[in-house]
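Hi everyone, thanks for coming. I'd like to walk you through a few local features of one structure, so let's get it on the screen.

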Amino acid sequence: MNTLTIQLEDALYRCNKCGFCQATCPYYLTTGEEWAVARGRLRLTRAILQGKLPLSDGAVRSMYQCFSCRACNVTCPSGVPVDEILIQARTELARQGYLPEPLAQMGRTIATTGNLTGEAADARRSWWQNLDWAPPQGGKHETVYFVGCVSSFYPQAYGLPQSMAWLMERAGTDYAVLGRDEVCCGYPLYVAGLEAEARALAQANVRTVREAGARRVMTTCPSCYRAWREFYPHLLGEELGVEVVHSTQWLAEAGLPLRPLEGKVTYHDPCDLGRGSGIYDPPREFLKSNGLHLVEMSNTRAEALCCGGGGNMESLDLAAGHAVAQLRMQQASATGAEWVVTACPQCKRTLSSVRSDIPLRVVDIVELARKLAVTD
Amino acid sequence: MKDYVLRHLEEIVGPQNVRTRDEDLFLYSYDASFPEHRPEAVVFPQTTEAVSRLMALATEERIPVVPRGAGTGLSGGSVPVQGGIVLCLTKMNRILGIDAGNLVAEVEPGVVNQRLQAATAPYGLFYPPDPASMKVCTLGGNVAEDAGGPKCFKYGVTKNYILGLEVVLPDGRVIETGGNVVKNTTGYDLTRLFVGSEGTLGVVTRITVRLMPLPQSKRTMLVLFDSLDAASRTVSAIIAAGIVPSALEMMDNLLIRCAEDFVRVGLPTDAAALLLIEVDGADAGLDAEVASIEKVCRQIGVREWKVATSAKEVDQLWLARRTVIGAAGRFRPTVVLQDVTVPRAALPAMVARIVEISNKYEIPIGVLAHAGDGNLHPLILFDERNPDELRREHEIEKEIFSAALELKGTLTGEHGVGLTKLEYLPWQLNPAAIEITRGIKRLFDPHNILNPGKIVAQ
């Protein structure tokens, strides 16, 4: 087929091949290859639209295999909305049956189980089963804590919701978790171009939160945050009427006092929180206001390098993610910090997976806050 | 390409470093300029030995080979116009050594310019040539095109900083030119011959560069004008006054608007033109230089004159300048950038001609210039999907070249002839000069396999 059509064709033509996207693209930085960078992806898309090139496996790969980190969007002098163009192209590709099998499998798994891993919905309660207390569930509460799949199903991430719930308890927040009633936020499906499937999940989650009577949705996962804040109103065509908050914003406002920490920390901006949602300062303010010695990496804030766990790359090219994580950890190490603080369970998983002699500890800001909380 | 050749290529660089699928060929059919042409294979070598074996094979089989770096060239120099092999050197990207005591560094061709800057800064050193694309362009590409940049007004261009090269000749032989000494008159200056040869004489596989101590301090000035002419006359006046800023850049209103739309730093979008002027050196002398520049500016008549007060402001001004070519895509979808250079006193006349040409053909042309060098980058902004605009664009190029040569300038200052200026070469070089140049090409590359069809297409 060579009848790819996208609404953003004019935006696509704004790419004048300057190649500046190479400077910040994690895939290009670790491969040095044109198919893996925005300029190449956009040129392929354009050539297919013009009928100059058939849709081939390689072209399809170029449009799907991407960390969706949006570094190119920010770097592009011409302002090409690369991520939106690629999501449109993927939506069209999916409709025509070009969805890569690992993503089709992911779609089926989420459709049957409501989560990425394929485990039963009951397993969403696993993270609190070994605690001597349980977070509130059911009933009417001001805040719903939307835990997200990564924190719910990967045991190494359990510390994040455990810490977040503990901190909210301590702050006296009126909150509840959804337990088995929570379903995947839909982010992985949306960026894969499975818009209808993502919309169904958005509808389910919004219905559940409305039934709980909540006025606020709390997230610790930046992708869930962005899905709720940005994608849901778009997918559902309406304002949600709930405030969507990320843990870093809550921490910056909650004013929980921390004990001092020896050594320096550096902060890794999660893509969906920083570039995706413009939240750069709250985590930094929280760390600094508690007297932590914060040092910045060479690529920081809008130019931060992805952790390597973005997009659906874990399903499509795991090794590429490891290479990016390695590069990011080298940048972190160069700061002389002992801790890499992030604010995303996926960033923590990916960065922690780097085998290295460097004695760097990776921690989510919520876990760090829990660890250093002053407990009279 | 024949199967046994492909198998041989795979044996030389490994199968994972040879690409022949349609989409891969398409992806290496372009650089940052307008022309496109697909190769028959894309190969990523990682050693000099691999490049040497590949060139020997290519000579034996008479296959064109086109060296390529990041593909940010602005003249089509790495576009494989006769097919063959694109030899992509981005994976040959090690910094081999920084010798701070001797002020030299040795790098492979795929090292990105900015990476060398970052690596030398801790030693208090820098590599002066700073093309606008320095965050992505490779040093191999910089050598091939003899790249310049804003700092070249004071510091000179790439050829002033290349001390030695390792080069694979088209038949696979490997030679070393120059060395790591700053004076060297042993034989012809082959190093200089290769710098700016656009990959037509040999494949550069190792580069020894000269470094400079980072200046102690700098001052960055932003000067705004109510007319483009006043801006260009100011440039000539600064030079005539014997002042040597480290950068003297000019941007017209159209480009100020494009830049501001991207960087959002508060550039005045109603100014007719701006000059970005920088001086560097020992801190003690800088204020006097700034005062001299201010005096010249005020004599001509400026709308506003100011010195940047923070490092952040300086970074933002330079970000605006370095990204403006890409940002022009916000205004019209197709951008063709020219590179004519005129004697510095002729800058106001050349700028006036560009404005006239733009009006005549009713196509916007943004005026961007490394003004201190007389090096202009008129950005012709159009839509390639419109055949009439495409035709007018071609006429505009001709008139710009013609005007530059009338003013005793040159077709290209720092981007190379490549494909885009090929047909105009006889306008500048006489038949004897072209024949000598072709003779040099034949001597190095008798079978015309290395980047054929460029500079002096045979």
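Let me begin with Gln117(B), which counts as buried because its relative accessibility is 11%. A quick reminder before going on: this is a predicted model. Gln117(B) belongs to helix α4 of chain B, residues 113-120. What does its side chain make a polar contact with? The partner is the side chain of Asn113(B), at 3.0 Å. Leaving aside residues up to four places away in sequence, Gln117(B) touches Phe126(B), Tyr127(B), Pro129(B) and Met134(B).

Now for the charged pairs. In general, side chains of opposite charge can pair when their charged atoms come close. Over all chains, a search of the whole structure finds 56 salt bridges, and I'll show you some of them.

In chain A, Arg70(A) and Asp83(A) form a salt bridge, with 2.8 Å between the closest N and O atoms. This pair links distant parts of the chain, 13 residues apart: Arg70(A) sits in the loop between α4 (57-64) and α5 (71-75), and Asp83(A) in helix α6 (residues 82-95). Are these two buried or exposed? Arg70(A) is buried, at 18% relative accessible area, and Asp83(A) is buried too, at 15%.

Over in chain B, Arg219(B) forms a salt bridge with Asp283(B), the closest N and O atoms being 3.3 Å apart. Arg219(B) is in strand β12 and Asp283(B) in helix α10, so the pair ties together parts 64 residues apart in sequence. Here Arg219(B) is buried at 17%, whereas Asp283(B) is partly exposed at 33%.

Asp388(B) and Arg392(B) form another salt bridge, at 3.1 Å between the closest N and O atoms. Both lie in helix α13 of chain B, 4 residues apart, or about one turn of the helix. An α-helix has 3.6 residues a turn, so residues three or four places apart point the same way. Asp388(B) counts as partly exposed, at 35% relative accessibility, and Arg392(B) as buried, at 15%. Back in chain A, salt bridges with shared partners join Arg70(A), Asp83(A), Arg226(A), Glu230(A) and Asp272(A) into one network.

Finally, the surface. Tyr188(B), Leu190(B), Leu193(B), Ile436(B) and Ile440(B) make a nonpolar surface patch of about 510 Å². Helices α7 (190-194) and α15 (431-444) of chain B each supply at least two of the patch residues. Tyr188(B) is in the loop between β9 and α7, and counts as exposed because its relative accessibility is 79%.

Notes
Residues numbered from 1 in each chain as written. Chains lettered and ligands numbered in written order. Predicted model: local features only at pLDDT ≥ 70, side-chain atom pairs only at ≥ 80, totals over all residues. Heavy atoms only, no water. Patch = residues over 30% accessible without salt bridge, like charges linked within 9 Å, V, L, I, M, F, W, Y side chains within 5 Å. Areas by Shrake-Rupley, 256 points an atom, 1.4 Å probe, with all protein chains shown as cover. Salt bridge = Lys/Arg side-chain N within 4 Å of Asp/Glu carboxyl O. Buried < 20%, exposed > 50% of the residue type's maximum accessible area, 1.4 Å probe, protein only. Polar contact = N/O pair within 3.5 Å; in protein donor to acceptor, adjacent residues only side chain to side chain. Contact = heavy atoms within 4.5 Å.
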